[in-house]
Amino acid sequence: MAGATALVVLASFCWGLSGGIGGMLMADDWDAFVVSFYRGAIGLVFVLGWLAIRPRHSGLSNPRLWGWSAVAGLGVAGNFAFYFLSISQGSVAVAATLMYSAPIFVYLLSFVLKLEKPTPLKWAAIVVVMLGIVLLTRIYDVGAGGITLLGVGAGLLAGVSYAVFIFGFKYAAPHGSPQAILVIAFAVLAVLLAGLGDTSQTLDVLHTPNWPLFVTLGILGAGLSFIFYVNGLHHTAPAVASIVAMVEPVTASLFGVVVLGESLVSIQIVGMVLILATVTALSVYSSPKE
């Protein structure tokens, strides 16, 4: 159990670092979609290697595996692209925290579709997270923190996209192996993002001095991290996984402040704490029942 939890922590740490590395690349004027494409494409190489090493029970002949894995691919493509777009429009700390707030919006959608029963506790959590988002983004005075409405929207959509990935992965899992699902998902991502990014920049990456950063981003942000996460999650309690997932936004925020020189005023830190604490508490509360 401890070793499995360590793998989930390590995956979250890698994802946190990937946000900071992506921020460094976009500070050098690399397009957010190009950065997202290479993160996923290099990840595809790793999961292909994983599938080659463990090809048994892949389920690749099952059409349902392909369908749900494609849904997972749409989700991970949206997560990567919207996350880096949010960073480019604001900061790593804000983008990472907004993405982490996504479960609240999944709850709201579940209420509307009557898939989830509203409770006073869940409504209170939603209100607190909304307040945290207002404080974190200072949306009442957008220009003050250098955060645009596009950045706020993209950060939230990154979280929703991640929920789509989890949804697709969950329904694909009974039909094949995790490595087969990830191969299809990352292949879908590569096809989608290759067409959305700047073509000249996509080719320029192959001979840019920044190529070590792109490789590191792909290895940490999609290659090893997803392998760690999938293997660790099998033997980690959902409540524990929800808590250790906080490693990602915290790591990304510290990277932004220490390495990229970003800054957060006190009111934004209060908003960040409200969001992280509330979402984590709600996840722990919900895990034993759902």
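Biologist: Is serine 161 buried or exposed?
Modeller: This is a predicted model, in which local features need pLDDT of at least 70, side-chain atom pairs count only at pLDDT 80 or more, and totals for chains, interfaces and linings use all residues. Residues are numbered from 1 along each chain as its sequence is written, and side-chain values use heavy atoms, leaving out hydrogens and water. A residue is called buried under 20% relative accessible area, exposed over 50% and partly exposed in between, using a 1.4 Å probe and protein chains only. Serine 161 has a relative accessible area of 10%, so the word for serine 161 is buried.

Biologist: In which helix is serine 161 found, and which residues is serine 161 in contact with, leaving aside its neighbours within four places in sequence?
Modeller: Helices are DSSP runs of H or I with at least four residues, strands are runs of E with at least two, and both are numbered from the N terminus. By that rule serine 161 belongs to helix α7. Contact means heavy atoms within 4.5 Å, and, with neighbours within four places in sequence set aside, the partners of serine 161 are Gly75, Val76, Gly78, Asn79 and Phe82.

Biologist: What is the relative accessibility of glycine 151, and which residues does glycine 151 touch, not counting residues up to four places away in sequence?
Modeller: Glycine 151 also has its place in helix α7, and it counts as buried because its relative accessibility is 2%. Not counting residues up to four places away in sequence, glycine 151 touches Ser86, Gln89 and Leu98.

Biologist: How do α7 and α8 lie to each other, at about what angle do they pack, and which residues make the contact?
Modeller: Axes are lines fitted to C-alpha atoms, for helices over the stretch in contact, and angles run from 0 to 180 degrees between N-to-C directions. Helix α7 (residues 149–172) and helix α8 (residues 178–196) pack at about 135 degrees, with their axes 10 Å apart, and therefore α7 is oblique to α8, given that under 35 degrees counts as roughly parallel, over 145 as roughly antiparallel, 65 to 115 as roughly perpendicular and the rest as oblique. The residues in contact are Phe165, Phe169 and Ala172 of α7 with Pro178, Ile181 and Leu182 of α8.

Biologist: How far apart are the axes of α3 and α8?
Modeller: α3 and α8 pack at an angle of about 55 degrees, and they are therefore oblique to each other. Their axes are separated by 7 Å.

Biologist: Where does aspartate 29 lie, and what is its phi?
Modeller: Most residues other than glycine have a negative phi. Aspartate 29 sits in the loop between α1 (2–27) and α2 (32–53), and with a relative accessible area of 64% it is exposed. Although aspartate 29 is not a glycine, its phi is positive, at about 75 degrees.

Biologist: What is the phi of histidine 57?
Modeller: Histidine 57 lies in the loop between α2 and α3 (63–88), and it counts as exposed because its relative accessibility is 65%. Histidine 57 is not a glycine, yet its phi is positive, at about 55 degrees.

Biologist: Which backbone nitrogen does the side chain of glutamate 262 reach?
Modeller: Glutamate 262 is in the loop between α12 (247–258) and α13 (266–286). At a distance of 3.1 Å, the side chain of glutamate 262 reaches the backbone nitrogen of valine 92.

Conventions:
Polar contact = N/O pair within 3.5 Å; in protein donor to acceptor, adjacent residues only side chain to side chain.
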